[in-house]
Amino acid sequence: VTGLPALSLDYRLPPVATLPAPIEDALGAYRHLLDAGHAASRIVVAGDSAGGNLALALALHAAEQDLPQPAALILLSPWADLTHSGASFTANALLDPFLPPIALRRAARTALGGADAADWRIASPLFAPDELWPKLPPTLIQVGSTEILHDDGVRVAHRLAQAGVPAELHVFERQ
């Protein structure tokens, strides 16, 4: 529709490969785009749920490695906290029609392969150090008010806002 090129990454997935393998693959693809002459200012990184985790982790790892940031991030219901410490994980457990908490817990256990769920480099980009957040690009975050990942998206938006990064949060009621 836009006439713009798109790259859909076929990254390694659990249970065959556990975290941080998908992050390494995403960072490798991003480096490849930059090395091939694609300007970071023309790259938008987007992801949904676990893909939102991966998109955010990619930007944070790029910031840590002083790589140029993409033009923007789009995070749709980002699963940014594999510890599941957000209140919506419990509060919305019976309201989320798509994702039951037990499924997310199992997925986290499989993806982690025994790694620490609170480690931002491997699993939970929400917990990245404060000094990395101001380096991130403008970000659009969309979540539903009744999903168990609601608070992950809201907390990412707050971290970005606290760091002075332009962030737009859309919360869709009863979605």
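A crossing of two helices is left-handed if the near helix is turned anticlockwise from the far one by less than a right angle, and right-handed if clockwise. By this definition, α1 passes α2 in a right-handed crossing. The structure is a predicted model, in which local features need pLDDT of at least 70 and side-chain atom pairs count only at pLDDT 80 or more, while totals for chains, interfaces and linings use all residues. Residues are numbered from 1 along each chain as its sequence is written, and side-chain values use heavy atoms, with hydrogens and water left out.

**Overall architecture**

- The protein chain contains five helices and four strands, where helices (H or I, at least four residues) and strands (E, at least two) are DSSP runs numbered from the N terminus.
- Their order along the sequence is α-β-α-β-α-α-β-α-β.
- The radius of gyration of the protein chain is 15 Å, close to the 16 Å that the globule rule gives for 175 residues, so the chain is as compact as a globular protein of that length; the radius is taken over C-alpha atoms, and the rule is 2.2 Å times the number of residues to the power 0.38.
- The C-alpha trace spans about 45 × 35 × 35 Å along its principal axes.
- Of the 175 residues in the protein chain, 48% are buried (buried means under 20% relative accessible area, exposed over 50%, partly exposed in between, with a 1.4 Å probe and protein chains only).
- The accessible surface comes to about 9,000 Å², and 57% of this surface belongs to carbon and sulfur atoms; areas come from the Shrake-Rupley method with a 1.4 Å probe, and for residues only the protein chains shown count as cover.
- Among contacts between residues at least 6 apart in sequence, 78% join residues at least 24 apart, a contact being heavy atoms within 4.5 Å.

**Packing of α1 and α2**

- Helix α1 (residues 21-35) packs against helix α2 (residues 50-64) at an angle of about 65°, and their axes are 9 Å apart; axes are lines fitted to C-alpha atoms, for helices over the stretch in contact, and angles run from 0 to 180 degrees between N-to-C directions.
- On the α1 side the contact is made by Pro-22, Ile-23, Ala-26, Leu-27 and Tyr-30, and on the α2 side by Leu-54, Ala-57, Leu-58, His-61 and Ala-62.
- These contact residues comprise nine nonpolar, one polar and no charged (Ala, Val, Leu, Ile, Met, Phe, Trp, Tyr, Cys and Pro count as nonpolar, Asp, Glu, Lys and Arg as charged, and the others, Gly among them, as polar).

**Two buried leucines**

- Leu-58, in helix α2, counts as buried at 7% relative accessibility.
- Residues up to four places away in sequence aside, Leu-58 touches Ala-26, Leu-27, Tyr-30 and Val-45.
- Leu-73, in strand β2 (residues 72-76), counts as buried at 1% relative accessibility.
- With residues up to four places away in sequence not counted, Leu-73 touches Val-45, Ala-55, Leu-56, Ala-59, Pro-137, Pro-138, Thr-139 and Leu-140.

**Backbone features**

- In the segment before α1, which holds Pro-15, the peptide bond from Pro-14 to Pro-15 is cis, with omega near 5°.
- Pro-20 also belongs to the segment before α1, and the peptide bond from Leu-19 to Pro-20 is cis, with omega near 15°.
- Ser-49, in the loop between β1 (44-48) and α2, has a positive phi near 60° although it is a residue other than glycine.
- Ser-77, in the loop between β2 and α3 (88-91), has a positive phi of about 45° without being a glycine, and is buried with a relative accessible area of 13%.
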